[in-house]
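Subject: Structure handover

Hi,

Here is the structure I promised to pass on. Have a look at it first, and my notes follow below.

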Amino acid sequence: MTGLVAAVIVAAGRGERAGGGVPKQYREIAGEPMIRATLRAFLDHARIDLVQPVINRADEAIYRAAIAGLKNPSPPVQGGATRQASVRCGLEALASRKPELVLIHDAARPFLTSALIDRAIAAAKATGAAVPGIAVADTVKQIDGAAIVTETLDRSRLRIVQTPQAFRFDLIFRAHQRAAAVGLESFTDDAALVEWAGQRVSVFEGERGNVKVTTNDDFARAEMTHIAALADIRTGNGFDVHAFADGDHIMLGGVRIAHSRGVTGHSDADVALHALVDAILGALAEGDIGSHFPPSDPQWKGASSDRFLAFACERVRQRRGMIAHLDVTVVCEAPKISPHRDAMRKRIAEIAAISIDRVGLKATTSEKLGFTGRGEGIVAMATATVRLPWTGLQDTRHGR
Ligand code: CTP
Ligand code: MG
């Protein structure tokens, strides 16, 4: 039988060096609160059985908002005045579950990969206490109080240490309890407690990307790194037509517009949203609105088109991408669109969960020419710009 593997995520700090209105772990990177990305990495990992967040008592409400919809983190416990105290609170909360191993990780390191978690678990199983470390590229010198070099250290024997640090639960819990009992509260990482307790700590390979977000500059750099990785930039177009019929309003861009006519067609016949859905699906090369929501299926009769757009946007997020821009052109003689332009942009932005400055909406008549000119129907054309993670050049070279 293999024992439980738990993770303690410490997030009770105040983030003073980063500044900003809220503690840094609740600030967003690429549209997601940092703590949420960190928790997700552990909650999504098949070998982690329990995830125990440790938060500051002042942050309960902001924590709940940040994790809404995440599956199954344990209820958070309150941390202490130091990182060491916060870790101890997390370990105490786990003790009754008797985990075999525990990984202790900073909420402020959201970029770790699942491979790093695998290595941490393997190393803790093998040695009982293990930390991720990376080699030092620069020469490191020791100096005295007057900034005079006293020694050039042998960098081949130096490692920069990160989290998750991984331990047999009993070993680290006992070390924390003993340190607290003698009033030692100044250890800056958990391995140092094990070293103080006289036990061996091994080092496994860390990750250069697993940085601790500490300053405001770190946020800017993290954001740029994320955007730069979404280098597979795609443009999709969509087109839709519906005929006018009897009625007193049309739905356009998710907004109800009073009119002397209505429209017939699929669902609520919102041509702007339908064209946008096709534009996004086109950018993803994932079929069209009809292949996902067949007009022959009675459940879509009269349905609000919001859900089709929300679905297409969710497909982008599932592929770990982002919608960079949406743009629509509506063609009709009437109703007049411009009075409703901003309401439609606002509604589209809401459904797509992007900011309103990423939604364009124009309208034109067709100078009384053709079916739109005769007032028989309404047309929308849309363009979606979607950014997906870059998956390698061979995709484009070989036309795969
Ligand atoms: N931490 C904690 N309890 C504390 C102090 C820190 O749980 N009393 C957590 C932080 O929330 C963070 C991790 O320990 O996830 C690493 O600490 P650090 O990067 O120093 O974060 P802060 O202490 O919040 O930042 P600062 O030192 O700039 O105030
Ligand atoms: Mg700190």
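Before the rest, some housekeeping. This is a predicted model, where local features need pLDDT of at least 70 and side-chain atom pairs count only at pLDDT 80 or more, while totals for chains, interfaces and linings use all residues. Residues are numbered from 1 along each chain as its sequence is written, chains are lettered from A and ligands numbered from 1 in the order in which they are written, and side-chain values use heavy atoms, with hydrogens and water left out.

Now the overall picture. The protein has 13 helices and 19 strands (DSSP runs numbered from the N terminus: H or I of at least four residues for helices, E of at least two for strands). Its C-alpha trace spans about 85 × 45 × 40 Å along the principal axes. The radius of gyration is 28 Å, whereas a compact globule of 400 residues would have one near 21 Å (taken over C-alpha atoms; the globule rule is 2.2 Å times the number of residues to the power 0.38). Of the 400 residues, 47% are buried.

Then the salt bridges, of which the structure holds 22 (a side-chain nitrogen of Lys or Arg within 4 Å of a carboxyl oxygen of Asp or Glu). Glu-100 from my opening question pairs with Lys-125, at 3.6 Å from N to O. That pair links distant parts of the chain, 25 residues apart: Lys-125 sits in helix α4 (residues 114–127), and Glu-100 in the loop between α3 and β6 (101–106). Lys-125 is also partly exposed, at 40%.

Another one joins Arg-88 and Glu-185, at 3.1 Å from N to O. These two are 97 residues apart, with Arg-88 in helix α3 (residues 83–95) and Glu-185 in the loop between α5 (169–181) and α6 (190–196). Arg-88 is buried, with a relative accessible area of 15%, while Glu-185 is partly exposed at 30%.

Glu-32 and Arg-36 form a salt bridge too, their closest N and O atoms being 3.6 Å apart, and Glu-32 is buried at 17%. Finally, look for the network of salt bridges that links Arg-83, Asp-106, Arg-109 and Asp-190.

Cheers

Definitions and conventions. Buried means under 20% relative accessible area, exposed over 50%, partly exposed in between (1.4 Å probe, protein chains only).
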